[in-house]
Amino acid sequence: MQHPENDEKYSGLTVNSGVAQPPSVNPYLHKRPKRKPLPTASELVEGILKGDVTVLSRAVTLVESLNHDHQAVAQEVIEKCLPHSGNSRRIGITGVPGAGKSTSIDVFGLHVLRDGGKLAVLAIDPSSERTKGSILGDKTRMEKLAVHPDAFIRPSPSAGSLGGVARKTRETIVLCEAAGYDNIFVETVGVGQSETAVHSMVDFFLLIQLAGTGDELQGIKRGIMEMADGIVINKADGDNIDRARLAQAQFRSALHLFPPTASGWSPEVLTYSGYFELGIPEVWDMIDRYFDFVKSNGYFERRRREQSRYWMYETINEQLRSHFYNNPEVSRRLTAEEADVLANRRSSFVAAKDMLDFYFNKMNLNQND
Ligand code: GDP
């Protein structure tokens, strides 16, 4: 068989001159503007107090950051903002996915802003990948608020431990209040533990429900209902109105069985339609009445003080835990201890004591260094 490529005149394997390729490294790299230096706490506080949204966002990013330097600045900013905080109505909003939280927050938000003032919408969603840094995601969920000049929308701090995520949101509330936001909505998905976290940082807790198949009360955790200061049944429109009313009656009678609330307020149950904007003023009227009620009987202040205490302990617990688990030696040892416990070579309590002894000894040694 002939091999044409062996022929001297064969040109099939020669290299064509081709087209010049750009260098693989960007030659202008060194000309790229350097990252902005970390602003000082005073600069941030000044901007926040002026209500500068860009500065506020920057400060919130530092609050959310895991970087040590960022955290140091963030904590100083929070400290300096604290005296300017507290003057808002903090409202928690929960409901299962699909209950209509985004739709409702959009219309509730516009309703609130009609009277002037500013609104911040924050979220706690430790489970979700959706919110992981996706501001766009949340902005498109709340179309009208997203373009409103007096609304500040911030998605949940990205996934982490619930305690950590919630603490960041709680700290963000302080910054927003210092920036003049006098209504704060904290949204959470109505599944799991995040309601407790939200409940511990808001003045009013609103539970959004749907009328379903007549078994409304099934599947709703009693604890969540017990926390609610108001239950609102969404999508009371079209064919659904009767079912919504039925659900309303069922919720009302279920609430009668609950013990009286610490605030002395009797939680109300209303129906509305976020999509068709029906019954919105009534929902807001209820919330206004709640605030009047708890402000006049002293519960408002008491709850806020209790929440501050709660967050002090939460923060201590969380930081102790993360200091322990993030220690590389602890974590190595823990793997071995865990294997022993799983293999029944060691009791859980002995292993736990060992680990803690090891950790405390280590801390002492470090302190003596
Ligand atoms: P979220 O997951 O709780 O944030 O719920 P969404 O606000 O995204 O709403 C879920 C779906 O329910 C969307 O398709 C909405 O258009 C619809 N929806 C929300 N509110 C209403 C309402 O009041 N009436 C009706 N019929 N549909 C609604």
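Because the model is predicted, local features require pLDDT of at least 70 and side-chain atom pairs count only at pLDDT 80 or more, whereas totals for chains, interfaces and linings use all residues. Residues are numbered from 1 along each chain as its sequence is written, and side-chain values use heavy atoms, with hydrogens and water left out.

Around the ligand there are 15 residues, of which K101, S102, T103, K235 and D237 come nearest; a residue is counted here if one of its heavy atoms lies within 4 Å of the ligand. By class, this shell holds four nonpolar, seven polar and four charged residues, where Asp, Glu, Lys and Arg count as charged, Ala, Val, Leu, Ile, Met, Phe, Trp, Tyr, Cys and Pro as nonpolar, and the others, Gly among them, as polar. Helix α4 (residues 101-113) supplies the largest share of the shell, three residues; helices are DSSP runs of H or I with at least four residues, strands are runs of E with at least two, and both are numbered from the N terminus.

Polar contacts (pairs of N or O atoms within 3.5 Å) to ligand oxygen atoms include one at 2.7 Å from a polar backbone atom of K101, one at 2.8 Å from a side-chain N or O atom of K235, and one at 3.0 Å from a side-chain N or O atom of N234. The protein covers 68% of the 580 Å² of accessible area that the ligand has on its own, as computed by the Shrake-Rupley method with a 1.4 Å probe.

Strand β6 (residues 230-234) runs parallel to strand β7 (residues 268-271), to which four bridges join it, pairing being assigned if DSSP finds at least two bridges. Within this pair, V232 has L270 of β7 as its bridge partner. Together with helix α10 (residues 241-256), the two strands make a right-handed β-α-β unit, in which the path from the first strand over the helix to the second runs clockwise with the strands pointing away from the viewer.

The whole structure contains 17 salt bridges, each a side-chain nitrogen of Lys or Arg within 4 Å of a carboxyl oxygen of Asp or Glu. One of them joins the side chains of E46 and K50 at 3.7 Å, N to O; these residues are about one helical turn apart because they lie four residues from each other in helix α1 (residues 41-50).

Key. A polar contact is a pair of N or O atoms within 3.5 Å; within protein, one must be able to donate a hydrogen and the other to accept it, and residues adjacent in sequence count only if both atoms are side-chain atoms.
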